[in-house]
Amino acid sequence: MPALPTPVTTGSVSPVSLAEASRFWLQLGLVSFGGPAGQIALLHRELVDRRRWLSERRYLHALNYCMLLPGPEAMQLATYLGWLMHGVPGGLIAGGLFIIPSVFVLTALASVYALWGQLPLLASVFAVLKPAVLAIVLMAAWRIGRRTLHTPLLVALAIAGFLALAAFKFPYPVVVISAGLIGLGAARWRPKLLVASKPHGAGSSDSQQDRPGALHDDDSASPDHARFSKRRLAVTLLLWALATLAPLAALASFGGWNGTLALMARFFTRVALLSFGGAYAVLPYVAQGAVEQFGWLSAPQMLDGLALGETTPGPLIMVVAFVGFMGGWNQSLASGSGPWPLALAAVLVTVWFTFLPSFGFILAGAPLVEASRGDLRFGAPLSAITAVVVGVIASLALFFAGPVLWPAGAFNPLAALVVAVALFAQLRLRWSVLQVIGVAAAVGALLAGVAKLSG
């Protein structure tokens, strides 16, 4: 899919309307492949580098907060940035459009899977798309690392984060919390360990002085809607509670407290609150509950759902939509009723209760995070976490490299060629992430068509 026209490249950036921002969030939701690392890279490339809707530091400040929360980091980051630009409506639109396309895609694929059990076109399309996504993840680690690792301590934290996840398999929350504590200690006793002696970006070809001012820049005051208010916080918490309890009460009255939909609502609320460390950390818990505890689907069906989640846009945790669909479908077939109503209702329930906490955390906590800008007590731990995030992204690139470049234990030269071409397109041709993904998907579809004609 082609990228939107690049905004102004000199001078200040013009204000962005809610309609214009909504078009971008929709486009993002349609092409947000690559898991959290690829999605965070896409957001950074489009919002910081190309459109200049916010500065590097504002972006990283928001990212650091989202990395501390349970739930999908990239979706929460999109919600935060949408809220920063246009208030609660902007946050709801950004977060909603980030996940709604993937809900429709996974529901459609789950329907095809339930009816026929085969998805032949995906194999060809994603044979090209996955190596391109690996290149995007590598570029994310490079770009964010180049702009944030200003001191030896931050470099050491990035390396430690990479080794902790890739080599020693430490739990992700332990890595992030440890980095925050190190940053807090450095801020108290040795602040210079976290602050570079030269201006940020000095000496680089894309330093801040060579780039236009951002719409939300380092020194820009927070918008009125982004300032902390006890009244707004109380209203947000009240609405969050109502959005959780009212649907749960309706489901319990409709099918009983232990009915399929009420059970799904309670189970996926727990999933949302326990999903520290990304989808990979919580999916074993989802599989155990959905397959062994409740019997909503079989183990082979769960594995097929994970494969679909890996190869569709949106956060990987969106695999819960497949779990919900198949759970409703299988429960209906077992009772002898038509499968469609319960399957589609189960999708809505699982998505609502999985992602509602993410909206609540952002809309309730973001004003407090905005108020912490410039405060070393808060900024130092977040700077240390940013450094670890670079190592986390690099570890994800290593994690993806195995199944992409050595899919069956043997080296795949065609996948390596796609990675190289995608890196060249980003480094030399200055292609956006959207362009790389769009061309890769088109090439994969073309190869599928050629294979079908020749076969």
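Predicted model: local features only at pLDDT ≥ 70, side-chain atom pairs only at ≥ 80, totals over all residues.

Reader: Why is R430 called exposed?

Author: The rule is under 20% relative accessible area for buried, over 50% for exposed and partly exposed in between (1.4 Å probe, protein chains only). R430 comes out at 56% relative accessibility, so it counts as exposed. It lies in the loop between α15 (413–427) and α16 (433–454), with a positive phi of about 60° although it is not a glycine.

Reader: What makes E46 and R51 a salt bridge?

Author: A side-chain nitrogen of Lys or Arg must be within 4 Å of a carboxyl oxygen of Asp or Glu. In the E46 and R51 pair the closest N and O atoms are 2.2 Å apart, so the pair passes that test. Both partners count as buried, E46 at 0% relative accessibility and R51 at 2%.

Reader: Why are R58 and E370 called buried?

Author: R58 has 2% relative accessibility, so it counts as buried, and so does E370 at 3%. Their side chains meet in a salt bridge, 3.1 Å from N to O. This pair links distant parts of the chain, with R58 in helix α3 (residues 56–68) and E370 in helix α13 (residues 339–371), 312 residues apart.

Reader: And why is R227 called partly exposed?

Author: Its relative accessible area is 43%, so it falls in the middle class. R227 and D224 meet in a salt bridge, 3.1 Å from N to O, and D224, at 56%, counts as exposed. Elsewhere, salt bridges that share partners join E46, R50 and R51 into one network.

Reader: What makes α8 and α13 roughly antiparallel?

Author: The axes are lines fitted to C-alpha atoms over the stretch in contact, with angles running from 0 to 180 degrees between N-to-C directions. Under 35 degrees counts as roughly parallel, over 145 as roughly antiparallel, 65 to 115 as roughly perpendicular and the rest as oblique. These two pack at about 170°, with their axes 10 Å apart, so α8 is roughly antiparallel to α13. Among the residues making the contact are W240 of α8 and W352 of α13.

Reader: How do you know what counts as a helix here?

Author: Helices are DSSP runs of H or I of at least four residues, strands are E runs of at least two, and both are numbered from the N terminus. On that rule the protein chain has 16 helices and zero strands.

Reader: Last one: why is R52 called buried?

Author: R52 has a relative accessible area of 2%, so it counts as buried. R52 is found in the loop between α2 (35–50) and α3.

Conventions:
Residues numbered from 1 in each chain as written. Heavy atoms only, no water. Contact = heavy atoms within 4.5 Å.
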